[in-house]
Every structure is written in structure tokens, then in C-alpha cells.
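Here is a walk through one chain, from its overall layout to individual residues. Keep the structure open and follow along.

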Amino acid sequence: MGRKPIFSSQTGRLLQVLLNDPSAWQHGYGLMKLTGLQSGTLYPILLRLCDQGFLEAKWRESETAGKPRRHVYRLTPNGLAFAREQIAPARRGTGALLGAKA
């Protein structure tokens with residue numbers, strides 16, 4: 001059984017970035033750069049969202065020979081709905097999003 005959804009400002013920053021291209025697979029390091037979150041903050045959020053069914057994760061082989069494979073993440077359909085539900089009030093309140101495409 002998954003944990004109850006927890007929404008923090010850090011989770012919001014991650015969801016905002018993931019909403020920019022919800023079907024794209026993204027790796028943790030790239031998400032760290034886009035969100036400004038440190039690994040000790042980001043990875044527990046990613047794991048929690050996976051446990052709750054809001055993200056799916058898989059291993060992806062590197063496109064560069066000799067580089068290790070990476071764990072990549074993307075929103076599930078439930079995760080997309082959750083992200084939109086959580087971020088919509090923030091959009092109305094701030095008018096700007098971290099990492100939003102113009």
C-alpha cells in the first residue's frame with residue numbers, strides 16, 4: 001500500500017518541471033539541474049512519488065559507450081492528474097513557474 005501523498009514546495013518544484021514535458025523520460029541528474037534540488041532532497045521525493053503511483057521509473061542504457069545506465073522517471077496518468085491538481089493553485093498565485101517553457 002502506498003503512502004499518503006505529501007506535497008511540499010520541493011515536490012512542487014519537481015512537478016512543475018515534469019509538467020513541462022510529462023511524457024518525457026528524465027534522469028535524476030537532469031532533474032537536479034532543472035529544479036535546483038540536491039540529491040538528498042530529490043531522490044526521496046522521486047521514490048515517494050513512485051511508491052504512490054505518480055511516477056514510473058525504469059533503467060535506460062547510456063547512449064555513450066562506457067557510461068553506466070541511468071534510472072529515468074516520468075509521470076504516470078495518475079501522476080499527471082495529481083501534478084496538475086497541485087500546481088494549478090500555485091500557477092494562479094505566482095504567475096510564473098520554475099523551468100517553464102516559454
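**From layout to residues**

The chain contains four helices and three strands. This is a predicted model. Along the sequence, the elements run α-β-α-α-β-β-α. The chain has 102 residues, and 32% of them are buried. Consider the contacts with a separation of 6 or more: 59% of these join residues 24 or more positions apart.

Start with helix α1, residues 9–20. This helix has twelve residues. Its span from first C-alpha to last is 17 Å, close to the 16 Å expected at 1.5 Å a residue. Which residues of α1 are buried? They are Thr-11, Gly-12, Leu-14, Leu-15, Gln-16, Val-17, Leu-18 and Leu-19. Several of these names return below.

Next come α2 and α3. Helix α2 covers residues 28–35. Its axis comes within 10 Å of the α3 axis, and the two cross at roughly 115°. The crossing is right-handed. On the α2 side, Gly-28, Tyr-29, Leu-31 and Met-32 take part. They meet Ser-39, Leu-42, Tyr-43 and Leu-46 of α3.

Look at Leu-42, which belongs to helix α3. Is Leu-42 buried or exposed? Its relative accessible area is 0%, so Leu-42 is buried. Set aside its neighbours within four places in sequence. Leu-42 is then in contact with Leu-14, Gly-28, Leu-31, Met-32 and Leu-37. Leu-14 is one of the buried residues of α1. Gly-28, Leu-31 and Met-32 are among the α2 residues that meet α3.

Thr-35 sits in helix α2. Its relative accessible area is 2%, which means that Thr-35 counts as buried. How far is Thr-35 from Gln-16 in space? The C-alpha atoms are 8.7 Å apart, while the two residues are 19 residues apart in sequence. Gln-16 is itself buried in α1.

Now move to strand β3, residues 70–75, where Leu-75 lies. Why does Leu-75 count as buried? Its relative accessibility is 7%, and the cut-off for buried is under 20%. Beyond its neighbours within four places, Leu-75 is in contact with Leu-15, Leu-18, Leu-19, Pro-22, Phe-54, Leu-55, Glu-56, Leu-80 and Ala-83. Leu-15, Leu-18 and Leu-19 are among the buried residues of α1. Leu-75 and Leu-19 are 56 residues apart in sequence, yet their C-alpha atoms are 8.2 Å apart.

A pair of aromatic rings is described by the distance of the centres and the angle of the planes. How many aromatic pairs are there? The count is one. Phe-54 and Phe-82 form this pair, with centres 4.2 Å apart and planes at 5°. The pair counts as stacked because planes under 30 degrees apart are classed that way. Phe-54 is in the loop between α3 (39–51) and β2 (55–60), whereas Phe-82 is in helix α4 (residues 77–94). The pair thus links distant parts of the chain, 28 residues apart. Both partners are buried: Phe-54 has a relative accessible area of 11%, and Phe-82 has 9%.

One further ring remains. The charged end of Arg-69 sits over the ring of Trp-59, 4.5 Å from the ring centre.

Notes: Residues are numbered from 1 along each chain as its sequence is written. This is a predicted model: local features need pLDDT of at least 70, side-chain atom pairs count only at pLDDT 80 or more; totals for chains, interfaces and linings use all residues. Side-chain values use heavy atoms; hydrogens and water are left out. The expected span of a helix is 1.5 Å times one less than its number of residues. Buried means under 20% relative accessible area, exposed over 50%, partly exposed in between (1.4 Å probe, protein chains only). Rings of Phe, Tyr and Trp (its six-membered ring) pair if their centres lie within 6.5 Å; planes under 30 degrees apart count as stacked, over 60 as edge-to-face and the rest as tilted. A charge sits over a ring if NZ of Lys or CZ of Arg is within 6 Å of the ring centre and within 35 degrees of the ring normal. Axes are lines fitted to C-alpha atoms, for helices over the stretch in contact, and angles run from 0 to 180 degrees between N-to-C directions. A crossing is left-handed if the near helix is turned anticlockwise from the far one by less than a right angle, and right-handed if clockwise. Contact means heavy atoms within 4.5 Å.
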